[in-house]
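Q: I'd like to learn how to read a structure like this one. Can we go through it together?

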Amino acid sequence: MNVTVFGVGYVGLVQAAVLADVGHNVCCVDVDEAKIEGLKKGVIPIFEPGLSDLVLNNHERGRLAFTTDAKEGVDHAELQFIAVGTPPDEDGSADLKYVLAVAGRIAELMEDTKIVIDKSTVPVGTADKVRAHMLGILEERKKELDLYVVSNPEFLKEGSALDDCMRPERIIVGTDSDAVEAKMRELYEPFSRNHDKIMIMDVRSAEFTKYAANCLLATKISFMNEMSNLAERMGVDIEQVRRGIGSDSRIGYKFIYPGCGYGGSCFPKDVQALERSASEIGYEAKILRAVESVNYAQKEKLFEHIQSFYNCDIAGKTFAVWGLSFKPNTDDMREASSRVLLESLWKAGARVQAYDPEAMEEAQRIYGTRDDLTLMGTKEAALHGADGLVIVTEWKSFRVPDFEQLLKELKDRVVFDGRNLYDPERVEALGLAYYGIGRGRSIKKFL
Ligand code: UDX
């Protein structure tokens, strides 16, 4: 099938590459000329394992094209994906200006039937807005053309995006047209061959499903983080509790890892946006508010532990920081806990020597050159001359450090671990002080 994807950001590019890989003819459109030119030469604007090869292969085979010419994209296919960003507005609600701009462009240029597919995470009612906006333009153009707007939210996770897209757990399609349903089934047939993964529902329910999923996942994390705060105060080890409750199949082991808060481009934005949508219709979403406020506080957790250890006197200290991205296998630092930590450390007069396997360029872009930040080439180099080590992201390469080197290099022999990577007893037996998240048994000293 011919498919057009507007927006070569994370979601759009991954979706386009995966659709091309199963044999569809995909045309990607973006207003960013540099990005499009780069993609034609194989320069991938984001880091995602496997994406570069997939894009290159399919581009070479002629199944994946890139253009800034919207007309070319609109003429290419009946199926028109909108996968542009929906950044938070000043008040936290999702800003639809990019989605509506693309929809408007399609309406200005279309000459035959189009099925417009909302892939971006958009609030309930957006498909109706998109349709009304497009019909208005068609009316001005005096064109009577068939137009369908479908909600087809994306559930991919950064770092495992290709796998999530190739082997989706479900494909949500919101439409009330049988003809459109048939087309969407044909499009996704290669992903739904062994088990029927496609769930057809009405458009508004499909839009809501995406928010409900992300908000529930964020709730699980904030719940565990709240439990970890209690654990710290009650002399309980949250890691033992995590295993204890995860074994209950109704709870499960996934997404109950306590840590120094969730970040990224989705959870913080989506929780806020649903909270906003709720208050617009006069409903106070108390759980969502609590999820957000627990997370906000949790991002301060590492700094609080550092302040406790040093009796609030860290001016002039140097901290090695391992991990800057909001989670492993990405270079994305949007809403990352590392940013809250770095900024708190700097405010208190400390210096940072940071290392991340992928996010160094991103850190450089965000913070530029400053005296209190040195970006180091390896995790070992980040330790040279540091007083303590702070771990913010659970990259695999941090899981088995050379503890002897930590002992030798860290002047204050202390590790603040925001992701509970180590066994406190083992680390302490080596002679290092260790502060994890919710590990009440090991932090009796400052209870
Ligand atoms: C998320 C959803 O998982 C995905 O379905 C949706 O399409 C987009 O949003 P992503 O933002 O890529 O994906 O990250 P995810 O892997 O879900 O992690 C989000 C944050 O939660 C990270 O900062 C991570 O460190 C944190 N997290 C996750 C925890 O603190 N504890 C956990 O148990 C799991």
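Q: In which sense do strand S7 and strand S8 pair?

A: First, some ground rules: residues are numbered from 1 along each chain as its sequence is written. This is a predicted model, where local features need pLDDT of at least 70, side-chain atom pairs count only at pLDDT 80 or more, and totals for chains, interfaces and linings use all residues. Strands (E, at least two residues) and helices (H or I, at least four) are DSSP runs numbered from the N terminus, and two strands pair if DSSP finds at least two bridges between them. Here S7 (residues 171-174) and S8 (residues 198-201) pair in the parallel sense over 4 bridges, with Val173 opposite Ile200 in S8.

Q: What unit do S7, helix H8 and S8 make?

A: Picture the strands pointing away from you: a crossover is right-handed if the path from the first strand over the helix to the second runs clockwise. S7, H8 (residues 178-188) and S8 make a right-handed β-α-β unit.

Q: Which domains does the assignment give?

A: Domain bounds come from an automatic or database assignment. For this protein, that gives domain 1 (2-201) and domain 2 (221-446). Their C-alpha centres lie 35 Å apart.

Q: How many residues surround the ligand?

A: A residue counts as near if its C-beta atom, placed from the backbone, lies within 6 Å. The ligand is surrounded by 19 residues, and the closest are Glu158, Tyr257, Tyr262, Gly264 and Cys266. Helix H9 (residues 203-234) gives the most to this shell, with 3 residues. Each of domain 1 and domain 2 supplies at least three.
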